[in-house]
Amino acid sequence: MIGRQFLAFAATVALLCGLAVGNEMEISTKERQQCVGMYSKKDWGGDGDAYIDLALEPATDDKHGWVAVVIFEYRDVDLLGAGIPGDKNVKYVCDEGAVASNMCDKGQIGEFILSKSANKTSYAHMVTKKVDIQKPEAVRYELKKSGFYCVSTASSPHVKYKGVALFHNAFGDLSASQIPKLPFYGGMALAYLVVFALWMFAYIQHRQDILPVQNYITAICGFLVVEMVIIWGYYDYVNNGAGKVGSMVYLGLLSVLNAFRNAFTFFLLLIVSMGYSVVKPSLGDAMWKCRALAGAHFFFAVVYTVSSYIVPPEEAGPIIMLVIMPLSLTMTTFYVWILASLTSTIKYLDSNKQHIKARMYKTLWMILLGSMIVIFGFFFINSMIFAGQSNMEFITNHWKARWFLLDGWINVVYIVDFTLIAFIWRPSANNRRFAMSTQIAQDENDAQEFEIGSLRESLDDEESIGAQRRREEESDEEFVNHVASLPAFQQPDPPAYEETEGAGANSISQKKSTNTKDVTQDASSSTMFAVGDDDSDEDNDDRHQHRPASHDEDIWDDNDEHGLLNKDIGSKKDD
């Protein structure tokens, strides 16, 4: 997820700039050949026909001449030209010298020389034609097989020409090398939509326990769905015949979205690595620094992408470094800060024996490390493949998968990393309790100390309860003896005394049972979290409302018959 960012810029710029040109490619005296991959109607489908058209502009001077044109599939390149007798060079265009050497006929002057068995042994049929530069006619090639097709030209001496080669596929105006992106980004949009739906289900279900960092994850998840839909819409727009102005505006929007995603991704990884919401409830001033760095990275990313559109790579001079250096600086700062923060957070949690939280961040570290290994491994494999072939051979052999090698696999790595991180930080029922709690130490020594301490506290609680119970019993006994010593006419009726005595006894035992239960609950609730969630506050309120009464309160409220007796005794003494 980290290592993919700079690659995403380069791949996006290169591929989207290619789309701005579309399937129309310039043919001129300087650009004599253009090649591109194409799909047949049978292989990819579509409503139209697959073909190649070449249209040359009429000459602006009075010079007469011709332009030789040949259209072929690249694997048939060896069927072009003929060897010159007594020379290692190859003659490709038929002229007076070639006719004299019996390499072609006089009627073929101005055409490319083809092998006599060209249309019998070739992969696809080959077409060559002589075009009069004063009155040029369009050359059309009907495509029957998928392949990497080329349009090559040559001219008679001192003739300058210019034209456009149109490579039209049956499915639309999108190039064959880019058409797989249409279903790919559609599938990515659906995949992100599924992830977002599952996330929102958990988010709504546990909306009372949402952490601040989960709000950021929610925002970027929704943004990724929108971005994938917009990218898919761009390719569909181009495939259906986009105008040049409209496509450029769309490209600018995609550039901004891509820069925002990269900056937001770095920002989210940074605050997560710093332990935001899980280890620290707030980052303080560090949060503003993270936001400022993300904003700077976003700005320089947009400038870099726009400058890449405006200034072609071959014309870029040293001034381009003024754009690349700030972007590289912010990206390097993110790398170093994220790795340092993640290492510090893991070290802090391990030193405090917070093993469950530490396991989360160690898993995040493994995800990032795995992504880096995949990225560098992918580069190594591509380098080995490219080193064993020439540039042209690599393009002709891998034009169908080139889009995935440059751009597709990076998006796959990104969605895998994002899904794993979202799963680890997903909303749950105990979010706040887990985030704001301190885990009890789990090694044997600390666990033994905790058990001894808990046992000591429980014994002290039982002793205090027993002492309170003995004091209550002694007080009750003194009161009964006092009542018994009174004359008979001052004593209450025995039935009333027996009934209230039972109720009072039950009330006293119930209060004692409640007191014992509350103490036990307090002891057991501290074995997992030092600080509870909001629900624990309500439980504390309930315990305060039902707390054990003092000795005087027990005599008056719970043993109601004692209060009545005292009241009766006092009134009779007054009598």
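Reader: What is the span 247–272 made of, helix or strand?
Author: Residues 247–272 are 100% helix and 0% strand, and the end C-alpha atoms lie 37 Å apart. Helices here are DSSP runs of H or I with at least four residues, strands are E runs of at least two, and both are numbered from the N terminus. Keep in mind it's a predicted model: local features need pLDDT of at least 70, side-chain atom pairs need 80 or more, and totals for chains, interfaces and linings use all residues. Residues are numbered from 1 along each chain as its sequence is written, and side-chain values use heavy atoms, without hydrogens and water.

Reader: And 408–425?
Author: That span is 94% helix and 0% strand, with its end C-alpha atoms 26 Å apart.

Reader: ok, new topic. At what angle do α6 and α12 pack?
Author: About 150°, with the axes 12 Å apart, for α6 (residues 212–239) and α12 (residues 402–424). Axes are lines fitted to C-alpha atoms over the stretch in contact, and angles run from 0 to 180 degrees between N-to-C directions. So α6 is roughly antiparallel to α12, a label for angles over 145 degrees.

Reader: Which residues make the contact?
Author: I217, I220, C221, L224 and M228 of α6 meet N411, Y414, F418 and A422 of α12; contact means heavy atoms within 4.5 Å.

Reader: How many residues are buried in the whole chain?
Author: Buried residues make up 41% of the 575 residues, where buried means under 20% relative accessible area (1.4 Å probe, protein chains only).

Reader: How many helices and strands?
Author: The protein chain has 18 helices and ten strands.

Key. Angles under 35 degrees count as roughly parallel, over 145 as roughly antiparallel, 65 to 115 as roughly perpendicular and the rest as oblique. Buried means under 20% relative accessible area, exposed over 50%, partly exposed in between (1.4 Å probe, protein chains only).
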